[in-house]
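Please look over the sequence and the structure shown here.

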Amino acid sequence: MQDFSMIKKVIKIQDLKEHKISSINNDLAYWLSRTSEERILTVEYLRRQYHGSTARLQRSARVIQRIQS
């Protein structure tokens with residue numbers, strides 16, 4: 001049996017605003033390092049996850065007859 005009492009607890013206190021800005025900058029740097037094709041493919045992947053696997057969003061139209069006065 002292992003003795004887990006030897007594991008130290010580590011607590012990091014960090015400013016949330018600073019962390020958020022750092023995270024946004026890291027995300028931006030990552031996506032700017034990708035090619036245009038990779039970014040478009042990723043957007044398409046996310047769109048399919050959200051809207052389903054249809055090739056395009058469906059258009060709908062309704063014809064309304066106007067009553068002439």
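What follows goes through a helix, its salt bridges and an aromatic pair.

This is a predicted model, in which local features need pLDDT of at least 70 and side-chain atom pairs count only at pLDDT 80 or more, while totals for chains, interfaces and linings use all residues. Residues are numbered from 1 along each chain as its sequence is written, and side-chain values use heavy atoms, with hydrogens and water left out.

Helix 2 covers residues 36-51, which makes 16 residues. Helices here are DSSP runs of H or I with at least four residues, numbered from the N terminus. From the first C-alpha to the last, helix 2 reaches 22 Å, close to the 22 Å expected at 1.5 Å a residue. That expected span is 1.5 Å times one less than the number of residues in the helix. Just after helix 2 comes glycine 52, with a positive phi of about 100°.

Side chains of opposite charge can pair when their charged atoms come close. A salt bridge is counted when a side-chain nitrogen of Lys or Arg is within 4 Å of a carboxyl oxygen of Asp or Glu. The whole structure contains two salt bridges. In another, the side chains of glutamate 44 and arginine 48 meet at 3.0 Å, N to O. Both of these residues lie in helix 2, four residues apart, which is about one turn of the helix.

Arginine 47 counts as buried because its relative accessibility is 17%. Glutamate 44, at 26%, is partly exposed, and arginine 48 is partly exposed at 43%.

The structure also holds one aromatic pair. Rings of Phe, Tyr and Trp (its six-membered ring) pair if their centres lie within 6.5 Å; planes under 30 degrees apart count as stacked, over 60 as edge-to-face and the rest as tilted. The ring centres of tyrosine 30 and tryptophan 31 are 5.0 Å apart and their planes stand at 80°, so this pair is edge-to-face. Tyrosine 30 is partly exposed, at 41% relative accessible area, and tryptophan 31 is partly exposed at 34%.

Technical notes. Buried means under 20% relative accessible area, exposed over 50%, partly exposed in between (1.4 Å probe, protein chains only). Helices (H or I, at least four residues) and strands (E, at least two) are DSSP runs, numbered from the N terminus.
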